[in-house]
Amino acid sequence: MRRNSLTGLAAVFASAAGLAASLLVAGPAGAVSGQPVITMDAPTPAALPAAPATAGVYFDFHTKTKNLTAYDATLTVDARGLSKIAKVAFSSNCTAHGLVATCSESFESGSDPKTGLGSMTQLTLTALRGSRLGATGTYKITGRSAHAQIVGGTGSVTVGGPSFGLNRLADHTNLKVGSNLTEPVRFTNVGDRPARGVQTVLAASPGLDFTDHYSNCQYGSNGAAHFAKCYPKGAINIAETAALSTPVRLHVNSTALFTYLDVLTAPLGQPGWPDGQGIKWTWGKDSAPALKLKVIKAGRHSSAPAGSVSLPQTGTVTDYGIASLKARNTADFAVSGASAQAGVGTTATLGFNLAANGPATLYDRSGGDGVPTAWVTLPPGTTAVGHSANCAPWQEDNPTAKAKGPYVCRLPGFIVPKGQVTDFALTLRIDDVVTHAAGSVQLVWGPDPADSHRPDFDPDSRNDSAVLTVN
């Protein structure tokens, strides 16, 4: 099963079962020097569950070239190295001859190649009955195009593996600023092979601090959240339930409001274990205690070798969890107004803003509906002829809205710390001189002003609106 991208802070965790560490191979022979290069991301190591369950293998590519189009690409998938462990099914864009397939592809990078390139090509693998747990095979990807050099890679597949099912984390509400809380972390190996160890990543969202620091954990921050990568010692047998020997302890600081603890746990050595977003990691002090594991329920011993690649997770089993934490705190938001003088036929630019006065940081994981916006009504006698990039007419394809408004002005992200001031601007043409012509800036919560309700955490309504005046 292919993992979906995680939202919010969890995006730094590229999924533990969907990461890769295979060695890229050279590009196709005869590639033209100076051509744009399309490179396959390191293929994801796959662990095969027992038949008839399947595992999907997917391929992603990237390029540094903007506006690249390669509609004639062909990928060759040589899966002969899997013949002793798996049945291979190729995707519908492929023509197979035994365990070698040629697959048609189209690549288009657009103006921002950093977003990466997907592919249509994929494999569906089923373990052969009687395959030995721990048996491994490989496959190779090469490619060609008249418009780009395609660099492929080699991937690995193993029969069986561990798989961790994380117990549900506890949510907390009505937390007092300055208090501490604990969050137990417990999981079970629901796979068919033991794991030689455990690695756990913790993310404490804005408003939370780790109370404890351990010698076998690495710590880092992306400027908003704090992260810990921990390696408690201990093998995990099949069907064994274990827990971090000490629950995660968190301090609720003065910026807490809606905040979260994200937990991701996986077998030790899971390829591609995340180091995401340029976080600089620092080991805990040698003098600090080491975080350990404790066995809650003993598992069973197995002759199968320990594994480090997680099986695909299905049903309700997941190695990732989120604890939702709500603190008793406030976060005041305010808008400003502006005024200008201009004659008929000339223009005036009005600058205004939306400020976060705190003390709490607002962290919205709803996708944007939980942060405020500024809803702007134009002064009478004016026409909008320009606006800052973070403002737009409430209906983009409506010429009347573009000229006469209203306009919606948005914040740059879903984490809004105390002290953040977001500036906006509208440029207005004066069609008629109206003395003290007044428009407005209104703080709005949610996508529809008609349904806007000021939240309890922002108790001061006096700064939720302001005036835009011309002449």
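My notes follow, topic by topic.

Ground rules: this is a predicted model, where local features need pLDDT of at least 70, side-chain atom pairs count only at pLDDT 80 or more, and totals for chains, interfaces and linings use all residues. Residues are numbered from 1 along each chain as its sequence is written, and side-chain values use heavy atoms, with hydrogens and water left out.

**Cavities.** I found two cavities of 30 Å³ or more. A cavity here is a set of points, on a 1 Å grid over the protein atoms alone, where a 1.4 Å probe fits but cannot get out; lining residues have an atom within 4 Å of a point. The largest cavity holds about 100 Å³, the volume being the space filled by probe spheres set on the points, which are joined across faces, edges and corners. I noted 15 lining residues there, with Leu202, Phe210, Asp212, Tyr214 and Val248 nearest the centre.

**Cis peptides.** I looked at alanine 51 and proline 52, which are joined by a cis peptide bond with omega about 15 degrees. Proline 52 sits in the loop between strands S2 (46-48) and S3 (54-58); strands (E, at least two residues) are DSSP runs, numbered from the N terminus.

Histidine 436 has phi near 55 degrees, and histidine 436 counts as exposed at 60% (over 50%).

Notes
1 Å grid on protein atoms, 1.4 Å probe; cavity = no way out; pocket = protein on both sides within 12 Å on 5 of 7 lines; lining within 4 Å. Helix = DSSP H or I, 4+ residues; strand = E, 2+ residues; numbered from the N terminus. Buried < 20%, exposed > 50% of the residue type's maximum accessible area, 1.4 Å probe, protein only.
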